[in-house]
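Welcome! Take a look at the sequence and the model first, and then read on.

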Amino acid sequence: MSSDKTKIIDRKQLISLVNEGSIKHSWLASKVNVSEKTLTRWMNGSVTRIRLNNLKKLAIALECDAEQLTAESETDSYSSDNNRDILVNELYNDSLLYELIVSSKVRLAISLIKSTFHSKLPSAILASFYTKLGYAALIHRKQKTARKYFDKAEKKIAATGNNDVVFSVNLAFAIMHFIDCDYVKCHARLMCCSDSLPFAGQEEAHYFNTFALYHLYTGHFDDAIAFSDRCISACAPDTPSVEKPLFISTALYLKGAALLLSGNAELARKHCERALVVAEKSSYARCVQLSKAYLAGVCAQSSDVNHAIALIEDSLNKVDEHDLSYSTLLCSAIFVYRRKGNAEKALEQYSALLNVCPPLSAQVAFAKYQMAMLYQHQGKTAMATQAIGEVKTTLKRLGLDYWLLAIDNIDESVG
């Protein structure tokens, strides 16, 4: 391509402008009328030159002069250790990696991290990058890989005394333990985060939502509501928390679930509907589908089952089975179909759940209890009794005493 029709991209300046403006890659690519893949190549340096017409559109979108986005030579912009160090600092200090991971651009996040690795990186930066790599693994339900990265992160922070990174690593472990259904270890890590909350920085909202989720699963509904509210407060315009729409939406549907389980179905629905509105404005597909799943559960409980089915089927059609959210969607679907009385569809989703979740998990216990209720309705008493017995065994081993007691109370009222 003729050099008089192209210019060398100044990656550093491009990345800086994107980060400073918290600009979504999908939005910027659409404004320039190129694919996100092309934009990614400009940012990661695999493509070093840009057509003049694209440069002009990029400058307009970023509200800068075209000259600000160009470099004199490729050596200046791409080959020096100094520029690599600049990129390292940008990735460490801003929210770009976080945004890429939560918006499912995991491969790009991993590529950016690995392109910066070298032996002289400070331990705090290495710990932060290992933590992000662990999150990327968790999103695709690769817990063993995530654990390896989190372990490496913890080893790196042992001697740094960097409280911000210590908080981040503890939160990462809390989330991993939660996914593994180890609620004792999850709570211990969350309490470590609580002790260093002044150092949460941009992760404050994430921490509050994680604690809300923990309380929801362990049956402390008032606490779940309180932490959801704290998350929403942490997402106020003058706070440093990142990806605020994502966390506000999550807080709203977690609060909705807690309200539903507390007996306030009407208010629960309002919160879940608000969660979906916020999620759809955020552009995070996973958040949208989870919001629909929680709203589907509320609708099914309120006998609006047809609407619930439409919501959950739409979500399942848009989420890959390897995604972290898939098991939650399946649990919602099983509940919805049980409320509908559709045993065939409930069993289909239950079988799918068994393929992605270990037998000793809260998700499988929840789903098996729904199947037991379905068996009971069909008059299959022996199958229902066996399933409930297995659910109780799982809940006891997981330490979920609230739900174990709740099932016992239901059995007594039926008896």
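A residue counts as buried when its relative accessible area is under 20%. C64 has a relative accessibility of 14%, so C64 is buried. Please keep in mind that this is a predicted model. With that in hand, here is a tour by topic.

**Confidence in the prediction**
- The protein chain has a mean pLDDT of 88, and 91% of its residues reach 70 or more.
- Residues 75–80 have a pLDDT below 50, and in the model this stretch makes 15 contacts beyond near neighbours in sequence.

**Overall build**
- You will find 23 helices and two strands in the protein chain.
- The protein chain is as compact as a globular protein of its length, because its radius of gyration of 24 Å is close to the 22 Å that the globule rule gives for 415 residues.
- Along the principal axes, a box of roughly 85 × 45 × 35 Å holds the C-alpha atoms of the protein chain.
- Of the 415 residues in the protein chain, 52% count as buried.
- The accessible surface of the protein chain is about 19,500 Å², and carbon and sulfur atoms account for 50% of that surface.
- If you take the contacts between residues at least 6 apart in sequence, 63% of them join residues at least 24 apart.

**The nonpolar core**
- The largest nonpolar core is made up of 148 residues, and L62 and Y207 have the most contacts inside it.
- Helix α9 (residues 123–139) gives this core its largest share, 12 residues.
- Leaving aside residues up to four places away in sequence, L62 touches L14, L17, V18, I23, L28 and L69.

**Cysteines**
- How many disulfides does a search of the whole structure find? The search finds zero.
- C231 is in no disulfide, and its nearest cysteine sulfur, which belongs to C235, is 4.4 Å away. A disulfide needs the two cysteine sulfur atoms to be within 2.5 Å, so this is the cut-off to hold that distance against.
- C231 has a relative accessible area of 0%, so C231 is buried.

- H25 sits in helix α2, which covers residues 25–32.
- Is H25 buried or exposed? H25 is buried, because its relative accessible area is 4%.
- Not counting residues up to four places away in sequence, H25 touches V18, E36, L39, M43, L96, E99, L100, K105 and L108.
- One of these partners, E99, is 74 residues from H25 in sequence, while the two C-alpha atoms are 9.7 Å apart in space.

**T210 and its surroundings**
- T210 has its place in helix α13, made of residues 204–217.
- With 9% relative accessibility, T210 counts as buried.
- Beyond residues up to four places away in sequence, T210 touches L171, I175 and L190.

**G341, in a loop**
- Where is G341 found? G341 is in the loop between α19 (326–340) and α20 (343–356).
- G341 has 44% relative accessibility, so G341 counts as partly exposed.
- G341 and Q13 are 328 residues apart along the chain, and 58 Å separates their C-alpha atoms.

Notes:
Residues numbered from 1 in each chain as written. Predicted model: local features only at pLDDT ≥ 70, side-chain atom pairs only at ≥ 80, totals over all residues. Heavy atoms only, no water. Helix = DSSP H or I, 4+ residues; strand = E, 2+ residues; numbered from the N terminus. Buried < 20%, exposed > 50% of the residue type's maximum accessible area, 1.4 Å probe, protein only. Core = buried A, V, L, I, M, F, W, Y, C linked by side-chain atoms within 4.5 Å. Contact = heavy atoms within 4.5 Å. pLDDT = per-residue confidence, 0-100. Rg over C-alpha atoms; globule rule 2.2 N^0.38 Å. Areas by Shrake-Rupley, 256 points an atom, 1.4 Å probe, with all protein chains shown as cover.
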